[in-house]
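My notes follow in the order in which I went through them.

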Amino acid sequence: MIADAERVPSGPALGDRLLTLTVGPPAAGGTFVARHEGRVVFVRGTAPGETVTARLLDDPREKADARFWRAEALDVLEAGVDRVPTVWEEAGVDGVGGAEWAHIALPAQRRIASEVMQELLRRAGVTSFPIEQVQVEPAPHDVDGLAWRTRVRYAVDAEGRIGMRGWRSHEVRPVGEDPLSAQAVRELRLGEWTAPEGTEAIDAVAPSTGPASVVLIGRDLDPASVQIPESWGDADVAVRNARGTVMLRGEGTVHERVGERMFTVSATGFWQSHRRAAELLSDVVRTALGVPEGGSAWDLYGGVGLFSAVAAEQVGPEGTVVSVEGNRRASQLAAENLEDLPQVSTATADVTDWVTARRGGVDTVVLDPPRTGAGVELMGLLATAVRQRIVYVSCEPATLARDLAAIEKKGWRLADLRAFDLFPHTHHIESVAVLERATS
Ligand SMILES: C[S@@+](CC[C@H](N)C(=O)[O-])C[C@H]1O[C@@H](n2cnc3c(N)ncnc32)[C@H](O)[C@@H]1O
């Protein structure tokens, strides 16, 4: 145990800096708060109430004045009540990243995520909703939080070995059973294959219908060097290099069914990752949106049109829906996916620029930005442009909280907020916020 910063040896060997820590409440980013001689230490790889031996990730000499240090748990001296045998041996400290809560019981993960979300909302200053009511719900029928990931990026090392990177590390580590990935991704058995020279990453997709997709990515990767292994079955295969994308098999798109509707998605384009997410979020948005028949809606950050389809059902043939999406290919696919719905039009544009240039308002908006969130400027524009309701779908509670606080100041209130465990065994949370004018 380090008594004080002065006694810590200098040098690059971070592993030498060991502390014994008693772990307290959760913090953002999947870490937990401990204290060492009054200083906050954010620890990963642990759980509330544990005593652990942790390796300091910051140099206490260089960071002697820092408000906090970061550490990762190496040994559990006293386990907390939430600890269970990990669902993924290869994950965690010194293992692959992306399953940082695999050693925590699933109900406890949701309780902890709820606490984190509530704290983020409180700190952002959201006041119009009883924050303590926000509880992370499981995806329907999810009993173990496994086999949910339908979009997986694998990393490839210089020898062509396929794995995933460690947390904040460039090292490629083996994935073993890869239990969070959907069955069709696991069946590709990528961990057993050696990628050809020049492969830097591999995107594997398990769509809800039709064959899986494998895209090999590498600036100098030669498509002629790829020998498709038998384990890939009838999967579509493509190579993306500096010159563009070459299809070795298939069309470069996958097909997703949501209810009765089919969506075509680019093999490397955005689609909700959890195998139940598209259906669940469509249902939640349908209930929340409530756009009147003959009314108008904008689907901002619309992707290939998932929520535009929901809005189009509600406004009917007399209404209007505009899907606004920055990615040209996704926007084009949205137009094709929804061509049977003449009330839908698409715009390929930056959302903030598009809303800024727009004359006249709209009844309702659904927006689903990337992790960076919509931003205060866009929330201000929407506060003026939207007449009835805003449904904000978010995969990052910190930016959601910031944006909710911003629009509250413009005379809107948070009418509902539901949170979902669509990334089990990680700290990530999906949520849907419903905003209404405070005076309505
Ligand atoms: C989280 S995804 C949501 C897509 C869609 N709503 C869905 O559920 O399938 C965010 C989308 O926003 C797009 N995007 C990101 N930044 C953007 C921006 N500034 N303007 C327009 N679109 C953007 C991305 O290309 C991506 O398709």
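**Entry 1: the parallel strands.** I began with strand E16 (residues 296–300) and E17, which pair in the parallel sense over five bridges; I take strands (E, at least two residues) and helices (H or I, at least four residues) as DSSP runs numbered from the N terminus, and I call two strands paired if DSSP finds at least two bridges between them. Across this pairing, Asp299 stands opposite Ser323 in E17. I noted that E16, helix H4 (residues 306–315) and E17 make a right-handed β-α-β unit, where right-handed means that, with the strands pointing away from the viewer, the path from the first strand over the helix to the second runs clockwise. From E17 the chain crosses through helix H5 (residues 328–337) to E18, and this β-α-β crossover is right-handed as well. E17 and strand E18 (residues 344–348) pair in the parallel sense over five bridges, and in E18 it is Thr348 that Glu325 faces. I then looked up the burial of E17 (residues 320–325) and found five of its six residues buried, buried being under 20% relative accessible area, exposed over 50% and partly exposed in between, with a 1.4 Å probe and protein chains only.

**Entry 2: how I read the model.** This is a predicted model, for which local features need pLDDT of at least 70 and side-chain atom pairs count only at pLDDT 80 or more, while totals for chains, interfaces and linings use all residues. Residues are numbered from 1 along each chain as its sequence is written, and side-chain values use heavy atoms, with hydrogens and water left out.

**Entry 3: strand E3.** Which strands are joined to E3 by five bridges? Strand E2 (residues 32–36) is joined to E3 by five bridges in the antiparallel sense, and the bridge partner of His36 is Arg39 in E3. The two strands form a hairpin with two residues between them, and Glu37 in the turn has a positive phi of about 50°. Five bridges also join E3 to strand E5 (residues 68–78), here in the parallel sense, with Trp69 in E5 as the bridge partner of Val41. E3 (residues 39–44) is largely enclosed by the rest of the structure, because five of its six residues are buried.

**Entry 4: domains.** I recorded domain 1 (5–83), domain 2 (115–141 + 274–437) and domain 3 (151–255), with bounds that come from an automatic or database domain assignment. The C-alpha centres of domain 1 and domain 2 lie 37 Å apart.

**Entry 5: the cavity.** I found one cavity of 30 Å³ or more, a cavity being a set of points on a 1 Å grid over the protein atoms alone where a 1.4 Å probe fits but cannot get out, with lining residues having an atom within 4 Å of a point. The largest cavity holds about 40 Å³ of space, counted as the space filled by probe spheres set on the points. Among the residues that line the largest cavity are Trp101, Ala113, Asp421 and Thr426. Ala113 lies in helix H1 (residues 106–124) and is buried, with a relative accessible area of 5%.

**Entry 6: Gly176.** I placed Gly176 in the loop between strand E9 (172–173) and helix H2 (183–186). Its relative accessibility is 47%, so Gly176 counts as partly exposed.

Definitions and conventions. On a 1 Å grid over the protein atoms alone, a cavity is a set of points where a 1.4 Å probe fits but cannot get out, and a pocket is an open set with protein on both sides within 12 Å along at least five of seven lines; lining residues have an atom within 4 Å of a point.
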